[in-house]
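Dear colleague,

Please find below the structure that I am handing over to you. My findings follow it, and I would ask you to read them with the model open.

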Amino acid sequence: MSEQQSSAKGMSQAHRIVRATFVTEESVYGVLLVSGMIVASGGHGESSWRVFWSVAVTVVVFWAAHVYAGTVAHHGLDHDRVVGLKESFGIALLRSRGLLLSATIPLFILLLGATRAIPDPVAIWAALWAGVVVLAVLGFIAFHRRGAAWPVQIVGSLITAMFGVALIVLKAVIH
């Protein structure tokens, strides 16, 4: 295999991993869950440390529930073939990783606040805006991989990001 073919194969595999892990409904849902938790737990002068743990524990619980639900949903008969519990669990585990990974950037920013590298309010707001950026990127990639024209990719990116902006507006109104 030539170096160019090897590089193309590597890019194809990387593309599949990104597509299967990052640009999924679970990733979008995960970003919105994290942002919603930051809104709910980050008000009234709460510390970044407290918000970090609230978000982290909630994401892990939702992830576990998602894996369980996916395992139950995939277990059994599927198009004239029996899907065993182990295979069903594997499918659910793979599908749900975007839910966990989507929390890493906002949690890292909250951890910066918790360690006092940045002030608590800055960490909380930065984590929310990071969610908006992640949503915009997810929206752009989703429309790009479907072959949409670049204006549609931009509009899709903006619409996806608006869900995060809606949560920021909610935080501003509530707190």
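The largest pocket has a volume of about 210 Å³ in this model, which is a predicted one. Its lining consists of 13 residues, and F22, L101, I105, V134 and L138 are those nearest the centre of the pocket. Three elements, α4 (85-101), α5 and α6, each give two or more residues to this lining. The largest share, four residues, is that of α6.

I turn next to the nonpolar cores. The largest of them holds 23 residues, and V34, I38, V51, V55, V59, L107 and L110 have the most contacts inside it. The elements that contribute two or more residues to this core are α2 (25-41), α3 (48-74), α5 (104-114), α6 (120-145) and α7 (150-174). Of these, α6 gives the most, with six residues. Why does this core lie between domain 1 and domain 2? It does so because both domain 1 (1-43) and domain 2 (118-174) give residues to it.

Once its neighbours within four places in sequence are left aside, V55 is in contact with V34, M37, I38, S41, L107 and L110. Another core, of six residues, lies apart from the largest one; among its members are V23, V134, L135 and A142.

Yours sincerely,
A colleague

Key
Residues are numbered from 1 along each chain as its sequence is written. This is a predicted model: local features need pLDDT of at least 70, side-chain atom pairs count only at pLDDT 80 or more; totals for chains, interfaces and linings use all residues. Side-chain values use heavy atoms; hydrogens and water are left out. A nonpolar core is a set of buried Ala, Val, Leu, Ile, Met, Phe, Trp, Tyr and Cys residues joined through side-chain atoms within 4.5 Å. Buried means under 20% relative accessible area, exposed over 50%, partly exposed in between (1.4 Å probe, protein chains only). Domain bounds come from an automatic or database domain assignment. Contact means heavy atoms within 4.5 Å. On a 1 Å grid over the protein atoms alone, a cavity is a set of points where a 1.4 Å probe fits but cannot get out, and a pocket is an open set with protein on both sides within 12 Å along at least five of seven lines; lining residues have an atom within 4 Å of a point. Grid points are joined across faces, edges and corners, and a volume is the space filled by probe spheres set on the points.
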